[in-house]
Each structure stands twice: as structure tokens, then as C-alpha cells.
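Dear colleague,

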Amino acid sequence: GVVTMLGADEFISSPPRKTVRFGGTLTEILLKYEKGDTTDFELLKHQLSDPDIKDGQIINWLHEFRASVAYLTKELEQLVSILLKLPWLRRSREVVEEYLGFLGNLVSAQTVHLRPCLRMIVSQFVPPRITIREDDVDISDSDDDDENVSENFDTCHRALQTVARYVPSTPQFLMPILVEFFPFINKSERTLECYVHNLLRVTVYLPALRLQILELIVEKLLKLDVSTPQQDIEDAEETANNCASEEKSTEEGLFDMEEDEDRKGNKVVSPSIERMAHPLAERLDILMTILFSYIKDVCHVDGKLDIGNTKDLYRDLVSVFDKLILPTHASCHIQYFMFYICSFKLGLAEAFLDHLWKKLQDPNNPSVIRQTAGSYIGSFLARAKFIPIVTVKACLDLLVNWLHKYIDNQDTGANAYCDVALHGPFYSTCQAVFYTLIFRHKQLLDGNLRKGLSYLQSLNFERIVMCQLNPLKICIPSVVNLFAAITRKYQLVFCYTIIERNNRQFIPVVRSGTGGDLVQTCTNPLDSFFPFDPYILKRSKKTIDPMYQFWEELSAEDLENLKKPIKKGTSEDEDDDFLKGETPQNDGVVEIAPNSYESNTRSPVSSIGSPADCYVPY
């Protein structure tokens, strides 16, 4: 009866049936098994489990199974699980085609096997493992000698599409499996890379899962990002450069990572230009590169931006951003997926700014979310080269008007005093405005100086700086110092009297340490960070750098120009102090530790990157 069930062509193209075989047809074996005669059934299971089973045998059995799926009920799930373990992917094309046909027949007849089928397919999303057992421990490594790996992945996606065609509810059953199979972060780079790449491929033919898959990937990358502080990455790079002569950089011993085979063989003596010395940063770099190229591919059709696709993806990404990124403090790299997609079209950058602005001004949002939205606005306006100055001005207008209104509302109130807990969003907005001005003042004044100046005067910084809420006391000193220098140069506001007064009033905090009591003051009471500080992952950096505004604008010469002497007889040393990000005219100098990884020629005020920790010597 098998012949009639197959089209003639299909039958002719399949290998000849073996006539001599134990136990008759599959149907007979299964019927006997139902009656309690299990001998042939056990033989069948044994033959299907044989690692040396021949292609011809697999094809013959699958032929019969396809015709007998009606028998493969829940009771036979053990047999089905053996069929799902057949090494079909690494066999001839005939086996693959026959197996895909079998899967389609199986899930459409018996949806009870849907989950195991999906698990089997998803388990193939990473390169095959070679498992060596040693003292009852699996020692595994990924086997990438197999140049068919990518062809195998193509086949897996065909299998998944086949199943989804027959069972429309596939996506909801698939998603938890994709979550469950996500490899641990210390798996080899290749394993992670293949898995994430395959997840992103699924979004193309199962669009209903795109948002959830993007969420899953961003969540994993965020964890990776937050567990790899910028400082650790820089330290690892430095160590690697210093021990380039040694066989192995000491950093690697600290992490128990699986290595890729080919790298074990020939350890490169000098740190490669492309690789990150820190193993987790290396994984993050590879995965960010994949995410960026996915975003680019989805948004471009035949090299041209597709507005529809781009808007849809933007919506998904903003939703992921709101759910995962915005509530997380101080991630370094993952948030750049928003920076990148916004670079495709000004409308997207404006939409993102508008979105952040709504978050910032909504009093129903938690204060910390509003503050972070403020940090994002400032950092984005300062760093994104693709945002034109007219957009910057439009945003400054919104922000500054809001600040003035805020001050209006305080004038009468009982809360009109300097307090981060009460006025966090206000201070965060001030800092965003100051930071934007530091990066963009040249462009704002370009062309028509008089017009530019009258625009800046119209913002009435004096009122903001002088108000009871005293923002200069709360904002990060490196930002305050540069803002003060620029506004003094253009005679917009004279901040130094207030800065001096604030410094005198700084309440010292006594901290007991091993070296005796340490008197410190908090220079970052807002706990703020700049989300678009310099991006330091080597591969994916290439995508970001061309559209990124580095802190190169203020050369030493610019700084000289900024410092019109305040009072006669300013000594050279005091000038120098300002370069270090210190306030020249007070005795208890508040010093900023420059730690930001800016361009190689570190700007003397590079603390504008990301200010170091909260406490600095008083």
C-alpha cells in the first residue's frame, strides 16, 4: 500500500525497497506490539538507534513511518523520541528530504509530538558537540570542522517552517523552547553566535515571534553588558597589550570559558587587533555585530531603506528598550541598538527623542526612569552626529522651557531648596542641557555669531543657575566646569561665584578605611551616567564610530580660549588646574578622576566621558 500513498515520481526517486527483513511491515510490528508481542518492536528500536544505520535503511523506515503516522500515538512517544534522534541532518539529501516529509506528516497527524519535534530542531541551532566522557564528566567542545554547519542550519529552518505550516499554533509552543535552549554565556563564542543568528532568522518567517525573540536576545546581551564593566574591559586590553609577549594573557585564566578548537591549537602570541582581551567582552562584541547587521538587513531592501520595515522594527526595538534598557542602570553597549536604528532616518531620531521627552516630563513615571530618560536625551543630542543642529535647538527649547516652568512652580512652594530626592528629574534635565551645550555650542554659534548668541541668551541660563534649586551643586563637576567656562566666555552667565559657594558648602563625608579616616564628598549625587559614552568593542565599534561625536572638539587651544582670566594675576598653575577638570578658585579642590576611554589622545577633560565613581577626595 505504500506505493499508492506516494506520488509516482517520489517513489521512483527513492531507493529500492529491501525485501528481506525481520518481522514484516512496520504496521505488522506495531499491531503485534499492541497485542503485547514486543520482540520485533524491540528489534526495530534497536535498529533505529544504531549509530551506523545506513542512509538506505533510514529512508526505507521513514517511508513506512510516513504511511503509519496514525499509529504513532502518545503511547509510542518512546519510539518517536528514537526517530527524533536519528542523525538525519548529517546524511544525504535524500534522507533529509524524506525526514522533512516525515516531520510534516507526524505533527499534522499527532500534535502531541509537536513539542519534542520543536525541541529536536532547536537543539540543532548550535554547532554539533563532540562529547568525550571522562570520569563520568562530559567534556564537550563544538565541532566546527563541519563546513556543512550553515547548510544544516538552513535545513533546520526548513524543518521549522514545515512544522509551522502544518501546525498554526507552532509559535506559542516554540517560544519557551527558544528561551530554554539559549546557551549559557560562558559557552564558546561560536555556539552563542550561531544560536543568536538562528534566533534572528526565525523572526523572518515567524514574524509573530519577533518582539519576543528580540526581547530574549537583548535581555541576554544586557546581562552580559552589565556584568562586564567598561573598566574591566579596558584593564583586560591593557594587560593583554602588556603581556603580548607571554603565551597566554593572564585575564583568560580568570574565566572558565570554552575555547574554540582552532584557537586552542595556535594561541596567537600578540593580542589580535580584532579580538577583545576580555572573554565576555569578546562575546558581547560578536553578538552586537550580529544584532547591528540584522537591524540593517531588516530595514534595507536591495540596499534601499524600506520605510515600512524600518518603522515596524523601530517600534519593536523601542518597546524592548522601554522594558529592559531604560530601567537598567549603567549598561555600556547594548543600548546602541537604538542609536544605530535612529541613524537611518532623521524621523526616527526625532521620534526617539520625543519618546524620551514624554517619559521625562510625565510625573507619573518613577523619578529614576525620568532621570534616566534625561540622561539619554542629553547623551543622544551630544553624541549623535546625524542629529542636525535645528533638531538640537528644538530639543533645547523644550527642555529649557520645561526647566523655567518647573522653577515657576517652585517659587512659592515649601520644597524650593536643593534636594536630589525631591527634584531628580529637574537636575537630570539641567545636566542634559549643560552637556548638550558643551558638545554643541560651536555649531550653535556657527555661521552667524550674533544670531547664535541671541538664541543662547534667550534660554536665560542665568535664572536656571541662580535658582533656589541650585543645579550646579548637583550636576557632575566635569560638566559644571565646562558649562561654566563656555557660558563665561560668551557672557551668558557667570557661574563661578555659585561654584565657589557650593564648594565651600560641600558637606564632607567621613569614611573609615584601612588607611585611617577618609574625608570625601559625593560628586555624583544624581548617580547619573551618559548612556552614549564611547563605544569600546572593537568589531561592532566600526558600525557606530562614523556617526559618533568624539570628545575632540576642545583641544588644549580651545581650552585656553575658554579661560579668559577671571581675576588679575591668575597663575599658570591655576590655569593648569582647570585643564584637569578642577575648579581653579577654591582651596578645597574637587577633583574629577578622568577615566573615560575617549580618543587615544585623551582630552585633559576626558572626565566628560563618564565620570568615575561617586566619591573623590575633598
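In which loop is Asp-302 found? Asp-302 is found in the loop between strand 3 (300-301) and strand 4 (304-305), where strands are DSSP runs of E with at least two residues and helices are runs of H or I with at least four, numbered from the N terminus.

Please bear in mind that this is a predicted model, in which local features need pLDDT of at least 70 and side-chain atom pairs count only at pLDDT 80 or more, while totals for chains, interfaces and linings use all residues. Residues are numbered from 1 along each chain as its sequence is written, and side-chain values use heavy atoms, with hydrogens and water left out.

Most residues other than glycine have a negative phi. Asp-302, although not a glycine, has a positive phi of about 50 degrees, and Asn-470, also not a glycine, has a positive phi of about 50 degrees.

As for the cysteines, Cys-342 is buried at 0% relative accessibility, and Cys-495 is buried with a relative accessible area of 0%. A search of the whole structure finds zero disulfides, a disulfide being a pair of cysteine sulfur atoms within 2.5 Å.

Notes: Buried means under 20% relative accessible area, exposed over 50%, partly exposed in between (1.4 Å probe, protein chains only).
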